[in-house]
Every structure is written in structure tokens, then in C-alpha cells.
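The sequence and the structure come first.

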Amino acid sequence: MTFSSDKPNMIEFRDVHKYYGDYHALRGINATIKAGEFFSLLGPSGCGKTTLLRTIAGFEDISSGAVLIDSKVMDGVPANQRPTNMVFQSYAIFPHLSVEQNVGFGLRRDPRSAADKAKAVAEALEMVGLKGYGKRAAHALSGGQRQRVALARALILKPKVLLLDEPLSALDKKMREQMQMELIKLQRQVGITFILVTHDQEEALVMSDRIAVMFEGQIAQLADPETLYRRPNSRKVADFIGTMNFLPAQILSEGSSCEIEAQGFGRMTIGADQVMGATSGEGMSIGCRPETLTILFDGQTATDRESMATVEEVVYYGDMTYYDVKLDGAQTAMRLSMRNVPGRPVLDIGTRARVGWSPGAMVLFR
Amino acid sequence: MKSGSSPGRFGNPEATNGLLMVSPTAIYATLLLAAPLVAVVVYSLMVDSKVGLSSGLTFANYIEVWTGRIYQAIMMRSLTVASLVTAITVLLAYPVAYFVSFHVRPERKSLWLFLITIPFWTSYLIRVFLWKVILGYNGVINSGLLSLGIIDEPLTVINYSVGSMVATLAHAYAPFAILPIFVSLEKIDRSFLEAGQDLGESKLMTFWRVTLPLSMPGVIAAVLIVFIPTIGDYVTPDLIGGGKIPMIANMIEGKMLKQNDKAVGAAIAVTAMLIVSVVSIVFLLLNKRFLRGQK
């Protein structure tokens, strides 16, 4: 999952601001995207992620700051002269052209012979799994096929950066998961920098080398998927990516390791890297993911620490069971997930249970 | 499943209802459109003489109309005027429609369309008369130029000419051309234009390769909407042309009413209809070609 950081910079945002009238859409974006990276812009709708993508493509002017592609400032460079290509959310497949005319659209000024261009089109179609579809009319394609045409049409031009604006949002779940894997493979195969805009945190985690989580025109956290999931730097990021339980906590002593006390869990020692600096304004709290908590059955002992709790809610999912458990001494219940392995019973509401946990899986938000 | 009592298509209450609902329009269309049309076709196959219409059927009228110099000339003039009017109207309407669709803020678009339809607030006849006032022998332009001393006597080229007829008709039919082109431009997903530029084309080339082909159905609709009524226009040649440069409709009127030759008049009418049909079919086929790739 880790991405080598010694690659050259492909995209650089330097304090990018964008205003629409009075509306401040981008509020000082600073980020660097490496060559060959699969990078995602993740955030809720209206957070500015699509606007940021469009500033790379050249469809959106910026109010101040600079966008650099391959170390060149893009100020005043129109969209048709940028080394980027885009897969639009609507795919924007030209309805008056056939599949091969769509894929070959950008080759008009290519000096190659017509036969070579036709070969390139056929190769691009084969790469996206649409071999033999060239003569089809664009309107006769399914959603997934349109997307493949859009990909082929962009990749045939060998851009330095491929921009993908929520390309999978129009597909059903099965198709979406299949396309996610295909896109990852395709990106590894062509080695082009991919920048994906999505509001789907799972999609971002699955596909990306690094993710920028955006809220209200700012990047809240930029990290690889594992860091983002295990060490979110604010409650907001933690809430947006997956599920996280929060309980009130306080710091007793600070240093290279910190002594803290959390409601329900009691005292524990955590590393300084587990303390997140950004204040939420809601008082300090401790956070943990549902899968880091386990219910201990008879004969099992905790690998680390254990506390007593009461089961308040049981949700059976087939492969998993979700429990809401309230630790003794805690005010609110926490979600906990257990894999349903053979021989393991599903507990009833009201059951007393031992909950195993580990201080290493905790994050403290100031 | 059939209802037991009265099988067949009229036994179906839904069909009966449907037939009842369309029957007023059907009767109207039969009596006022189909019947007169049949009468005209029948007239065109008879011979009109002083004693009345003959009973035998003949193609003599058609042969006269299709081979007669004067008829050919007038039909060619009608075709030329209608084609010129159509070309000028559509070429002028396209930029207007494009501007309203692409450069007017969405909340202002309906106001613009409303303003475009203002010429329709007065009757067609009055608008033609107003052009006569502007272009006439003693009209605004001539008297203006005379009083400024630019010309010594009134210009005759600006009135009683094909040019002035074209100007009048083009003005009268402009909104008819703007609206269908506007609608087809509105339907174009703006991401197509971005995609065109994203794939390396300038704005002008994107227009040429994306916007124009996608708006062709509207252009062809505009062509038909302008061409069909202008080729048969009667008022403008009469008033602006001063009756000296007749078109098909004036010729039909002359034959039918003034010379009382209903048979030849009917043959001209049927011929005019055929010309319009051929032109329309050509454009409809073109439209089909452009529509082929679209939903």
C-alpha cells in the first residue's frame, strides 16, 4: 500500500483559492501529487473536490495561488493545451459519433497515418475490454461500456495525468466493485498519474495510494489509506471514514508516551503519535474502530486489556454481527463487530460480556 | 381475453372511447383537409372551358404547367425566394439562438425568448405593410436619402424586387427559426463541450465537431419551418412585390379567380405541393442521418 515518495512531483497546488462571487470554494489548498500515483480527493458533496479537479483540467480558473503540472505553472493555459485528460461523471460520450470515432476524437492532429490511428484506437478499445465494439453507435452502450469508452478516449492520448470525476457513481454495486479493480490494474499497467474524485470512502480506501480528505474547501488530512483509517487527525475525518466510537477522555500526563483516562476504559498509556492535535471544540475524546474491540467468550483471555460491558443492541449481518455494548462506567454505547465463525454464539440483548481492547488501537482527539 | 357479448375491436370499451375522442378531429380533418385536397386533385385532371369542367380525366394541365415557360419561371422564382429566405433566416437565427442558449444567464433566458416573439404580437399582414412603409417608393429609406441629398430620385431597387421580398419574409420568419435551434442547443450536455476541449480541440473546433452536429436536428427543423410556408407565401409578393413579381400562390390565385381556369390552377397547386414534399423529404432524410446517433 505504501507509495515510494522519491518519485518526481506531477501536480502541485500552492495556496490555491477559488471564489464564486462571495462563496469561498477553495480555501488555501497546498498539496503535492507524485508521478504515477493513484491519488483520491475524498469528501462530502460541496467540499470543493470536483472544483479542485477542474482547476487541474483547466475548466476552472483559480482566484489566487498556483497549480503546477509537471513543474509548469498552468496559469492561462487553456484546457486543450494541458497534458491532462478527463473521464467525466456523465462520461460525455459524443452521441453523434460511433465508439471508434469517440475514442479517436483527440487524434485529429496526430501526425500518424490513418491506418496507424485506427490501430491505436483498436488497441485502446482492447485495453479497456471493448475489443470489437468500434463500429457500435455510442447510444447503444450500457453505463459500464460508456465508461470504458471514456477511459479509452482519454488514455489513447497518453496524458501525464488522468482525471476521474466520480466515474463509478452511476454504476450499480457489483459493476462498481469490478471497475474499481480494473481501474487499479489499468493504472499499474499504464503508469499514468490518476486523480480520482469520490464521495465514497470505501472506494477511496480500496483504490488509492494516497487520499486527501476535504471539508469546506480545505484539505483536512492527506495520507495513505491505512494512516487515514488508523490515525485520523480529527474527529471529523474519523467520522467520515468508516465508523468510529468516541468516549470522553482526558490527558493525565504528557510526554513521549501519554497517560490518559477514558470513560469506561479507565487509565491507559498511549504513544504520543496517537494523540491528535486538532481541537474539535467538543472536549477531548478517545476513539476506536468497531473491529478493534472483541467480545471474549468463556475460556478466552484478552491479549491486552479487558472491561465488563452490557450488550444493548445486536445486528446480525450474516458474516458479521454488530453489537452495541456499553462499558461499565460509560455513558454511551459503542459499536463492536465480530466475525461469525462456526461455534461462536450470537449474544442476546442484555447479556453481560467481557470486552477485550488494546490501548494501541486508540486515538485521542484533543 | 374477449368479452362474451360483443367480440371484435369495437367491443373493446377502451377502443370505443378512443374512437369517440378522436372522431371530432377526424371528421374535421376529413371534411376540411382531405376532401378539398381530393377535390383539387380531381380538378387538376379535368379541363376547364367556358361551359364548365369537362368530365374526362387528362394530364394535359400538368403537361402545360410543367412545360410552360412562364410556369417554370414562376416556380423557379418561388424556389429561389424560399431558399434565399430560408438560408438567410437560418444563418441569422443560429447566432441568436446560440447566444441565448450559451451566453444568457439561465434566469434571463425566458425573457429573451419572450422578446424574440414580440414580432408575433402584430399580424403578419401589418408587418408586411410596415416593410412597405420602410422600403416603398415614398418610403422611409427613399425619402430619407432624398432629403439628405444622397439620391436625386427614389430608388426602385429596394421596392418591388426579389431582394425586398426576401428581407420581408426573412424578418417575418426569424422567430420560427430561432426557437427550434435554441431548443436543440439547450439539449446539448455542456460536458460534451468540455470533453471536446479536454481532448485537445480549441473552442472553435469543438463547435465545429461537437456543437454544430449535435444542433443539426434543430437547424433542419428550422429549415423546414421557414421553407414550407415561404414558398407558398401570397401576401408578400402581392404587397412588397407590387404584384409584378408573382410567386406560386399568386399564380394559382390568378388562374383560379381571375382567369377562372380552375383546372390549371389546381394542377399548379398540386405541383407546388409536390415540390414542397420533395424538399421536405430530402431534409427529413438528412435529419434522420443526424438523429441516428442520438437518443
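## Helix packing and salt bridges

In this predicted model, the axes of helix α5 (residues 124–135) of chain B and helix α6 (residues 140–147) of chain B come within 4 Å of each other and cross at roughly 15 degrees. Angles under 35 degrees count as roughly parallel, and α5(B) and α6(B) are therefore described as roughly parallel to each other. Their contact brings V133(B), I134(B) and L135(B) of α5(B) up against V140(B), I141(B) and N142(B) of α6(B), and by class the residues of this contact comprise 5 nonpolar, 1 polar and no charged.

With helix α3 (residues 69–103) of chain B, helix α7(B) packs at an angle of about 40 degrees, the axes lying 6 Å apart, which makes α3(B) oblique to α7(B). The crossing of these two helices, α3(B) and α7(B), is right-handed, and the residues of their contact fall into 24 nonpolar, 2 polar and 1 charged.

With helix α9 (residues 203–231) of chain B, the axis of α7(B) comes within 8 Å and the two cross at roughly 150 degrees, so that α7(B) is roughly antiparallel to α9(B). The crossing of α7(B) and α9(B) is right-handed. Among the residues making this contact are L169(B), Y173(B) and F176(B) of α7(B), together with T211(B), S215(B) and G218(B) of α9(B); the contact divides into 13 nonpolar, 5 polar and no charged residues.

Turning to the interface between the chains, 21 residues of chain B are in contact with 21 residues of chain A. The two chains bury about 2000 Å² between them, and 58% of that area is on carbon and sulfur atoms.

Side chains of opposite charge can pair when their charged atoms come close. Over all chains the structure holds 24 salt bridges, and 2 salt bridges are found across the interface of chain B and chain A. Two examples of salt bridges follow.

| Salt bridge | Closest N to O distance |
|---|---|
| E201(B) with R108(A) | 2.5 Å |

Conventions
Residues numbered from 1 in each chain as written. Chains lettered and ligands numbered in written order. Predicted model: local features only at pLDDT ≥ 70, side-chain atom pairs only at ≥ 80, totals over all residues. Heavy atoms only, no water. Axes fitted to C-alpha atoms, helices over the stretch in contact; angles between N-to-C directions. Parallel < 35°, antiparallel > 145°, perpendicular 65-115°, else oblique. Left-handed = near helix turned anticlockwise from the far one by under 90°. Nonpolar A, V, L, I, M, F, W, Y, C, P; charged D, E, K, R; others polar. Contact = heavy atoms within 4.5 Å. Buried area = accessible area lost by both parts, 1.4 Å probe. Salt bridge = Lys/Arg side-chain N within 4 Å of Asp/Glu carboxyl O.
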